[in-house]
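I opened the model to look up a few things. My entries follow in the order I made them.

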Amino acid sequence: MIAENDGMIDGPGFNSPESLLMASCFQLILQTMCSLFSWNGFLMSDNKSLFKEGLGTLVSRIKTTSGSTQISRQDLIKYVSRIKTTSGSTQISRQDLIKYVSRIKTTSGSTQISRQDLIKTSFQYIKNFADMVPNISTAVSVVKLLTVLADKSDSRDLHGQIPNICEEFLKREWMSSDGLKEKGVKYNENLQIIIRAFMVYSDDPLSAAETIATKGMPELLETDKNGCSATFPTLNRSSFSTFYRVMFNQLIDCIKTMAPAKQTDSREVKIDKLLQWNQAVRILHIHINLIKAFDGRGNVTSALKCGRQFIEIFLRQGMPLLDTMF
């Protein structure tokens with residue numbers, strides 16, 4: 001259907017009974033896989049082979065043209081060649097592709113695929129569905145499943161791909177089954193999960209928060225009561241409190257990890273820490289000023305609670321830095 005509508009996810013037939021049924025099945029499948037792969041029993045040595053077998057079953061969905069569930073070298077080359085890098089701007093290099101495919105089990109069974117390669121291939125397979133999720137509930141299921149797979153990996157590279165996916169979800173205008181913009185408690189709960197994942201798994205959480213604070217928030221202020229941010233359509237007056245609370249809480253979590261300055265630190269290290277605090281204070285200033293326009297009780301409560309924590313952490317970890325530099 002998406003192909004028939006030239007890539008439009010919410011094109012004609014989007015709300016047909018058949019489409020809604022397929023969307024429901026899609027979400028249930030993702031939720032089932034998330035529950036399965038997040039089972040703590042896989043941590044036991046006796047069950048590690050079951051986890052690998054489960055991943056193998058998922059990867060086997062990349063079928064050959066003959067319909068066999070065995071992954072051939074040529075089909076895997078075709079599949080992996082479509083996998084973009086983390087930035088999404090360039091395709092995977094030929095050398096990396098050859099190096100990766102050389103470790104995959106051929107049809108003759110001469111090479112055994114490793115657990116880590118199974119995780120990576122499964123992650124990329126699920127990631128490909130991010131562009132075609134029909135609703136925000138399914139989007140959350142994709143994020144949760146990708147997070148579970150990334151947590152099982154020995155490398156942090158997979159976690160680094162999650163923020164890009166979450167950012168795209170935040171930039172989508174989600175529609176309900178009746179064709180109207182999604183809203184309500186459940187929508188905001190799903191939005192909270194995506195916003196948090198966007199910031200938590202970002203290489204630079206402060207910059208991620210600043211992007212929304214300096215682009216999305218000002219755009220929202222310039223709209224009417226039914227408007228939304230042009231950059232982040234999920235940010236509107238109904239969802240503002242969710243964005244505000246999650247971003248403020250993540251700001252506090254972020255500055256907690258900023259180590260206090262030491263006398264033995266080089267000047268370059270101290271300057272880098274000072275720039276981090278400067279960015280954090282700038283985000284705090286934006287959040288406090290937003291209370292003038294969005295003075296609901298929940299927003300004021302978040303500002304008072306997180307603002308107090310920010311000051312306490314700054315006095316404990318930020319002031320010693322200023323004392324050593326000035």
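**Notebook entries**

I looked up Phe248 and found a relative accessibility of 0%, so Phe248 counts as buried (buried is under 20% relative accessible area, exposed over 50%, partly exposed in between, with a 1.4 Å probe and protein chains only). Phe248 sits in helix H10, residues 240–256. I noted that His287 is 39 residues from Phe248 in sequence, while their C-alpha atoms are 7.7 Å apart in space.

I wrote down the source. This is a predicted model, where local features need pLDDT of at least 70, side-chain atom pairs count only at pLDDT 80 or more, and totals for chains, interfaces and linings use all residues. Residues are numbered from 1 along each chain as its sequence is written, and side-chain values use heavy atoms, with hydrogens and water left out.

I then checked the whole protein. Of its 326 residues, 44% count as buried. I found 12 helices and 0 strands (DSSP runs numbered from the N terminus: helices are H or I with at least four residues, strands E with at least two).

How do the axes of H5 and H6 cross? Helix H5 (residues 115–127) and helix H6 (residues 136–152) have axes that come within 9 Å and cross at roughly 165 degrees. I therefore recorded H5 as roughly antiparallel to H6 (angles under 35 degrees count as roughly parallel, over 145 as roughly antiparallel, 65 to 115 as roughly perpendicular, the rest as oblique). These angles run from 0 to 180 degrees between N-to-C directions, with axes fitted to C-alpha atoms over the stretch in contact.

Last, I looked up Leu315, which lies in helix H12, residues 297–325. Leu315 is exposed, at a relative accessible area of 53%.
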